[in-house]
Amino acid sequence: MAVILLIVSACTDLLQEETFSTLGPSNFYNSAEDAEALLNSAYTQSQGWRDLIRDYLTFGEFTTDIAIQREGAINANIQPIENFNFQTSHPWLDFWWGRYYSAIYRSNTVLDQVPGIDMDENRKEQILAEARFLRAFNYFYLYDLFGPIPLITSSETSIEDRPTRPSNEEFIAFLEEEFRAVSEILPPTQQQYGRPTSGAALGFLAKFYLNNKKWVEAASTAQEIIDREEYSIYNPSALSGRDRTDLFAPDNQYNDEFIYVIHYADGGAVQNGDGNTYLSHAAPPGYAWQHASMVNFAAQFKIRSEFLELFNDPDDERLNAFVFEYKNLAGETVILGEDDVRSFKYPEDPDGTSSVTSSDIPLVRYADILLSRAEALNELNGPTQESIDLINEVREAAGVDPVAVGDFSGTQQLRDFILDERGREFHTEALRRQDLIRHGRFIEMARERGKPAQDHHVLFPIPQAEIDRNPKLKQNTGYN
């Protein structure tokens, strides 16, 4: 008994550990380095990963007249989206919802914790502005997919305190205020490429206005960006051996047309496997790569032949982004047939390896701002010389003939032309769904392709798992 008592006493003493410190929000985030680490965490969740472009295109183009996907394991997830069979249990919708809200939570953590840190006030202001931008950026894409969703603006919001869905007007007002506010704080340029600038905030604001048909605001915000004279169209006419498609070449990524991009570090793909996987999804079977280390996926991202009919000028340099025929590994020429042409808009990368390249993914570029203002002006005033000049600035860079005011009988004819021009300019950038919805053509064109599209399919269903977690969360109309 004495021995047992001694053992128990000894064990009790060993388990009584003296606590010298604890880590928590009140004493962990207390230095400038902590503030930077918090912000980097928000960037990590907000920006690119290997298959970002795959997911963007699934929702932004495989639902439209541009592209189709065939074969490969991912077909099980893409085909329901392509066929307008939007399910509340779709794993990619659940993934996107979770990833965006995780980024929002991390941005909110920055906004909650950094104000109390003793550090350089100018840098603190910039960190807070970047965090607000990232939060608004993630809400921008959530809204695009699901409509107005709960606005959570604190990292300390409990499950019980999760808000209901705001009205559409409330959500729009929130994003307007956020993008406008940070545009007045962020610098015009950043030392580290890929961080948001004041122009990026204005670019997203202009796009947000446009997609919500706030024509006056879209036109004026686009003009703000133009007046800054910080951006320009990449026009390679004076550069020997280059054309408009070289805008996306790995050696030309740091150009004045890109306003905000998902940035992949040059050569980083070789070192850690992180990068743009688009080409491995798009390359046809047996494609003979210029760089032998690249590989094909079983997936097959293809361009619909009917979409290619929009390119009605054979001199359009943007046609050079498409692969109509190729050499296979046996040295044979293979001609791609109906609905089988491939977009190589993101070209091969000398630093690429396996399935990844360092090609950045542009989310806002100057050509979009010019065509956005042209569209907004047309909706306000019909065809004018200014709107035509804006369109021609983009067309000139592509090597096609200019258009004239007299070519258009009225607003509707120019509206249709702008939609087509945007298709020619922005294919493989995941903007087509937004454009077709704004023009009232998304559901109509899907039905013409034989899809069972219904009016409520302009939005995707909120993942059922999220509704189960938050009983206040109401499902989008039309979904069970």
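Okay, let's start with Phe344: its relative accessibility is 11%, so Phe344 counts as buried, where buried means under 20% relative accessible area, exposed over 50% and partly exposed in between, with a 1.4 Å probe and protein chains only. Tyr287 gets the buried label too, because its relative accessibility is 11%.

Quick caveats. This is a predicted model, so local features need pLDDT of at least 70 and side-chain atom pairs pLDDT 80 or more, while totals for chains, interfaces and linings use all residues. Numbering runs from 1 along each chain as its sequence is written, and side-chain values use heavy atoms, with hydrogens and water left out.

Now, the rings. There are 44 aromatic pairs in the structure; Phe, Tyr and Trp rings (six-membered ring for Trp) pair if their centres lie within 6.5 Å, with planes under 30 degrees apart called stacked, over 60 edge-to-face and the rest tilted. One of them is Tyr139 with Phe174, edge-to-face at 5.9 Å between centres and 90° between planes. That pair links distant parts of the chain, with Tyr139 in helix 7 (residues 121–146) and Phe174 in helix 8 (residues 168–183), 35 residues apart; helices here are DSSP runs of H or I, at least four residues, and strands are E runs of at least two, numbered from the N terminus. Both Tyr139 and Phe174 are buried.

Back to Tyr287 and Phe344: their centres are 5.3 Å apart and their planes at 65°, so that pair is edge-to-face as well. Here too distant parts of the chain are linked: Tyr287 sits in the loop between helix 12 (278–282) and strand 3 (300–303), and Phe344 in the loop between strand 7 (342–343) and strand 8 (361–365), 57 residues apart.
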